[in-house]
Amino acid sequence: MEIVKLATAGTMESSDAYVEIEPAASLDIQLESVVQEQFGDEICRVVREVLEEGGVSGANVRVVDRGALECVIRARVETAILRGKGDA
Amino acid sequence: MSKVVSSIKEVVQLAGLKDGMTVSFHHHLRNGDFVLNMVMEEIAQQGYKDINVNASSLFDVHVPILEHIKNGVVTGIAADYIAAGVGRAISQGIMEKPVQFRTHGGRPRDIVLGNTPIDVAFIAAPTADTMGNCSGKYGKSACGSLGYAFADAMFAKKVVVITDNLVPYPLQDFSISEDWVDYVVQVDAIGNPKGIVSGTTQITRDPVGLVMASHAAQVIANSGLLKDGFSFQTGAGGASLAAAKFLKDIMLERGIQGSFGLGGITGYMVDMLQAGCFRNLMDVQCFDLKAVESIRTDPRHQEISAMHYASPASRSAVVDSLDVVILGATEIDTDFNVNVHTDSNGYIMGGSGGHSDTAAGAKLSMIIAPMFRARLPIVTDHVTCISTPGKDIDVLVTQGGIAVNPKNVELTANLKAAGLPIVDIHELKEKTERITGTPAKLPKGDRVVAEVISRDGELLDRIYNVPQK
């Protein structure tokens, strides 16, 4: 099932991430991170992985990362996907 | 004879300022300071070029200095601490000549020894009389101690006192005396009281901070140093203050009377004095209103100069008698070298201040820091910048364990015997990276933007520019 509406998850607090997802034909991930240099590629890889696990093949995803651990990023993206599908 | 001059404009000329000279400032008015900006604006207006600024610290309020750098008015900066506002621009490469970082003890050392001559010192004084006797304890802009300004007053070729509370001669209970002062200028305001002293910094309620603070207090309690005559310095961060609170409880419970609290004094140190934990406070700078009130009214609370605080050129300095200091870090490496100059992206956002002076002097110097901040591990293989060498650091306290510098064999045994969670610093690094992941290395610039000079005057490290995309 695909993303059917704009949805968000997370906050802009330090050590959290804010995720926005909206319907689109193909996959586009935009990342803004306070640890861009140190973890930017790794964060994009994880976001892509969670989208794949959620069966999302088309969406515009914007992640504003404030230094979140990987488990937090996964949780925020997963929640945004569920909300975008109308499941949560 | 009159020393009172009508304006900053006039005094700059009277003091004989010329292109290429050095002016100096002290930072007790902290982020509320108006004086540095007022003076530099006047110097710029009068068309001076190539001026060196030797300031004990630069805060974000001093961002206007960036314009003077761009215009060639200021071409050299020496400071002990530079906050992020100015620091970021320096890391981007705004200056041709590298900034010189010293410590709060190294700065007066080099002034006293004549290595960094000052042509005109500008002393921001919350109260002064017409001959220049001045104090930080009184007036609407009261900041308490004037500790960092003494070396400037005593060794600059010309000394200008700038005050917003000019009182009739003689001022009682002065700090810096008239025999050092050439001119006195009255202005409307030397600073914004809101930025000069903070309200009371709250003790942390963050559970991670409380665990660290409790460990820190336990390390001190089991170090063998906590007995009558104990002396102590701590920073103003939330976890450091919580450690002081736990320490206070232990001291009161065991009935220990310490000799002195040192520093940068906060209201919590005043509480410890009043509770009988210390006989005295030795104060080079007041951080909050309670400290200012205390230094004004309590004779046990003593103002000290930066030379007396920490200079290695002094016959002795208070740091030489210090038992325990609690310090912070942005990074610490597996050799216990500490960085407090740059942030995790390499931008200047601080400086040693008294970090390396107290670490060198204290019998036990402790770093208190979380395992990671915003995903970045505190322990690295090599710090971006060595602010304080690892040989002067004894213990790192985190929520994930306490790492003791291997040179401290006895301390390690004591802390283990007390049941504290001791961990090898390499293991602590691995443990942290299992949670955060391993950060990729930062690209390093190719140009030196700052030199870190040790308290003894040696080049300790260089800070490189941060490449801009």
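The model is predicted.

The interface between the chains was examined first by its extent. The size of an interface is often given as the accessible area lost when the parts come together. For chain B and chain A, this buried area is about 1100 Å². Carbon and sulfur atoms give 56% of it. On the side of chain B that touches chain A, the residues divide into eight nonpolar, five polar and two charged. In terms of contact, 15 residues of chain B meet 15 residues of chain A. Polar contact between the two chains involves four residue pairs, with both residues at pLDDT 80 or more. The count of salt bridges between chain B and chain A is zero.

Chain B itself is divided into two domains. Domain 1 is made of two segments, 4-56 and 104-196. Domain 2 covers 207-439. The C-alpha centres of these domains of chain B lie 31 Å apart. Their contact takes 24 residues from domain 1 of chain B and 21 residues from domain 2 of chain B. Together the two domains of chain B bury about 1800 Å² between them. Of this area, 61% is on carbon and sulfur atoms. Three residues stand out on the domain 1 side: B:H104, B:K137 and B:S145. They supply 30% of the area that domain 1 of chain B buries against domain 2 of chain B, more than any other three residues.

The polar content of the domain interface was examined next. Between domain 1 and domain 2 of chain B, twelve residue pairs are in polar contact, both residues being at pLDDT 80 or more. Two elements of chain B, α5 (106-112) and α6 (150-155), each give two or more residues to the side of domain 1 that touches domain 2. By residue class, that side of domain 1 of chain B divides into twelve nonpolar, nine polar and three charged. Across this interface in chain B, zero salt bridges are found.

Aromatic pairs were searched for over the whole structure. Three are found over all chains. In one of them, B:F25 and B:F122 are stacked. Their ring centres lie 5.6 Å apart, with 15° between the planes. B:F25 is in strand β2 (residues 22-25) of chain B, and B:F122 is in strand β6 (residues 120-125) of chain B. The pair links distant parts of the chain, 97 residues apart.

Two features of the backbone complete the description. Most residues other than glycine have a negative phi, and most peptide bonds are trans. The peptide bond from B:Y169 to B:P170 is cis, with omega near -10°. B:P170 is placed in the loop between β10 (166-167) and β11 (183-186) of chain B. In chain A, A:S15 has a positive phi of about 70°, although this residue is not a glycine. A:S15 also lies in a loop, here between β1 (7-10) and β2 (17-23) of chain A.

Definitions and conventions: Residues numbered from 1 in each chain as written. Chains lettered and ligands numbered in written order. Predicted model: local features only at pLDDT ≥ 70, side-chain atom pairs only at ≥ 80, totals over all residues. Heavy atoms only, no water. Contact = heavy atoms within 4.5 Å. Buried area = accessible area lost by both parts, 1.4 Å probe. Salt bridge = Lys/Arg side-chain N within 4 Å of Asp/Glu carboxyl O. Polar contact = N/O pair within 3.5 Å; in protein donor to acceptor, adjacent residues only side chain to side chain. Nonpolar A, V, L, I, M, F, W, Y, C, P; charged D, E, K, R; others polar. Domains from an automatic or database assignment. Helix = DSSP H or I, 4+ residues; strand = E, 2+ residues; numbered from the N terminus. Phe/Tyr/Trp six-rings, centres within 6.5 Å; stacked < 30°, edge-to-face > 60°.
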